[in-house]
Amino acid sequence: MNWHFLLITFLLIVVVTETRHLIRLRALRDMIVFYAVWGLTLLAIIGDMLELTELRPLDWISIMMQPLNRLIS
């Protein structure tokens, strides 16, 4: 069994159920954070499926912090 397709199916179920919940909360900031983390997770799974080189955890942190650093300075 291919675990990648099982994980993608699970992610699709999560995005449908959580989007309904987040719309009811009307919290734009929470929705942005959820979709950012969800998108990164989906990209990581797709990257693993394509057997691309994996990024180290500190690389992910630096990628996420670059836009914030530009806003601060």
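This is a predicted model: local features need pLDDT of at least 70, side-chain atom pairs count only at pLDDT 80 or more; totals for chains, interfaces and linings use all residues.

User: What do the end C-alpha atoms of α1 say about its span?

Analyst: They are 32 Å apart, which agrees with the 33 Å that its 23 residues should span at 1.5 Å a residue. The expected span is 1.5 Å times one less than the number of residues. Helices here are DSSP runs (H or I, at least four residues), numbered from the N terminus.

User: Which residues of α1 are buried?

Analyst: H4, I8, L11, V15, T19 and L22. Buried means under 20% relative accessible area, exposed over 50%, partly exposed in between (1.4 Å probe, protein chains only).

User: And what do they pack against?

Analyst: The buried residues of α1 pack against α2. As background, an α-helix has 3.6 residues a turn, so residues three or four places apart point the same way.

User: Which residues make up the largest nonpolar core?

Analyst: Eight residues: I8, L11, V15, L22, M31, F34, W38 and I45. The elements giving two or more residues to this core are α1 and α2. A nonpolar core is a set of buried Ala, Val, Leu, Ile, Met, Phe, Trp, Tyr and Cys residues joined through side-chain atoms within 4.5 Å.

User: What does M31 touch?

Analyst: L22 and I23, leaving aside neighbours within four places in sequence. Contact means heavy atoms within 4.5 Å.

User: Where does L42 sit, and what does L42 touch?

Analyst: L42 is in helix α2. Not counting residues up to four places away in sequence, L42 touches I8 and L11. The C-alpha atoms of L42 and L11 are separated by 7.6 Å, though the two are 31 residues apart along the chain. L42 is partly exposed, with a relative accessible area of 22%.

User: New topic. Where is R26?

Analyst: R26 is in the loop between α1 (3–25) and α2 (28–49). Its phi is near 55 degrees, a positive value in a residue other than glycine. Most residues other than glycine have a negative phi.

User: Is R26 buried or exposed?

Analyst: R26 counts as exposed, because its relative accessibility is 75%.

User: Last one. Where is L68, and how exposed is L68?

Analyst: L68 is in helix α3 (residues 57–72). At 43% relative accessibility, L68 counts as partly exposed.

Note on methods. Residues are numbered from 1 along each chain as its sequence is written. Side-chain values use heavy atoms; hydrogens and water are left out.
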